Amino acid sequence: MDLNTAANALRELGHPTRLSVYRELVRAGQDGLPVGVLQKRLSIPASTLSHHISALMSAGLVSQERQSRTLCCRPCYAQLEQLMAFLTEECCAGGSCSLSTGVTHEETSL
């Protein structure tokens, strides 16, 4: 993943409503959720939800599929995995890494 793609994904996830939508979809798993169910769970007006889903789709974080008369949204786990890998790929590159020992960075600075 390149820097611009990561920045775009993080920008879209940086909005509280979009982050709530994404977390709800991740919680639902691979099957995703119908837009109507997502709307009820989050108490978001349909037009607002549509706007936020569109932003998440443009960042490659969500896919949408029509099943008969229902639109179903799913999280794109591959994009999430790439984003997480991008954020952690150079973890502790300049020194020792405490992630493998279970010691947090805060504990090592004490």
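Me: Helices (H or I, at least four residues) and strands (E, at least two) are DSSP runs, numbered from the N terminus. In which helix is Gln79 found?
Reply: This is a predicted model, in which local features need pLDDT of at least 70 and side-chain atom pairs count only at pLDDT 80 or more, while totals for chains, interfaces and linings use all residues. Residues are numbered from 1 along each chain as its sequence is written, and side-chain values use heavy atoms, with hydrogens and water left out. The run that covers residues 77-88 contains Gln79, and this run is helix H5.

Me: What is the pattern of the protein chain, read along the sequence?
Reply: The secondary structure comes to 6 helices and 3 strands. In sequence order, they give α-α-β-α-α-β-β-α-α.

Me: Is Gln79 buried or exposed?
Reply: Buried means under 20% relative accessible area, exposed over 50%, and partly exposed in between (1.4 Å probe, protein chains only). Gln79 has a relative accessibility of 14%, so Gln79 counts as buried.

Me: Which residues is Gln79 in contact with, leaving aside its neighbours within four places in sequence?
Reply: Contact means heavy atoms within 4.5 Å. With those neighbours set aside, the partners of Gln79 are Met1, Thr5, Ala59, Gly60 and Leu61.

Me: Among contacts between residues at least 6 apart in sequence, what percentage join residues at least 24 apart?
Reply: The protein chain has 110 residues, of which 28% count as buried. For its contacts between residues at least 6 apart, the share that joins residues at least 24 apart is 53%.

Me: How many bridges join strand S2 to S3?
Reply: Two strands pair if DSSP finds at least two bridges between them. S3 (residues 70-75) runs antiparallel to S1 (residues 33-34), and 2 bridges join them. S2 (residues 62-67) also runs antiparallel to S3, and Arg66 has Leu71 as its bridge partner there. The number of bridges joining S2 to S3 is 6.

Me: Which residue takes a positive phi in the hairpin of S2 and S3?
Reply: The hairpin has 2 residues between the strands. A positive phi near 65° is taken there by Ser68.

Me: In S3, which residue is the bridge partner of Pro34?
Reply: The strands concerned are S1 and S3, which run antiparallel. In S3, Pro34 is bridged to Cys72.

Me: How far away is the cysteine sulfur nearest to Cys72?
Reply: A disulfide is taken as a pair of cysteine sulfur atoms within 2.5 Å, and by this rule the count comes to 0 disulfides. Cys72 is thus in none, and its nearest cysteine sulfur is that of Cys73, at 6.7 Å.

Me: What arc do the buried residues of H2 cover around the axis?
Reply: H2 (residues 16-28) has Arg18, Val21, Tyr22, Glu24 and Leu25 as buried residues. The arc is that of the directions from the helix axis to the C-beta atoms. These residues are on the same side of H2, because they cover an arc of only 160°.

Me: Which exposed residues does the face of H2 turned away from its buried side carry?
Reply: H2 is followed by Gly29, whose phi is positive, near 90°. On the face turned away from the buried side, the exposed residues are Pro16, Arg23 and Arg27.

Me: What distance separates the C-alpha atoms of Leu3 and Leu87?
Reply: Leu3 lies in helix H1 (residues 3-13) and counts as exposed at 59% relative accessibility. Leu3 and Leu87 are 84 residues apart along the chain, and their C-alpha atoms are separated by 9.9 Å.
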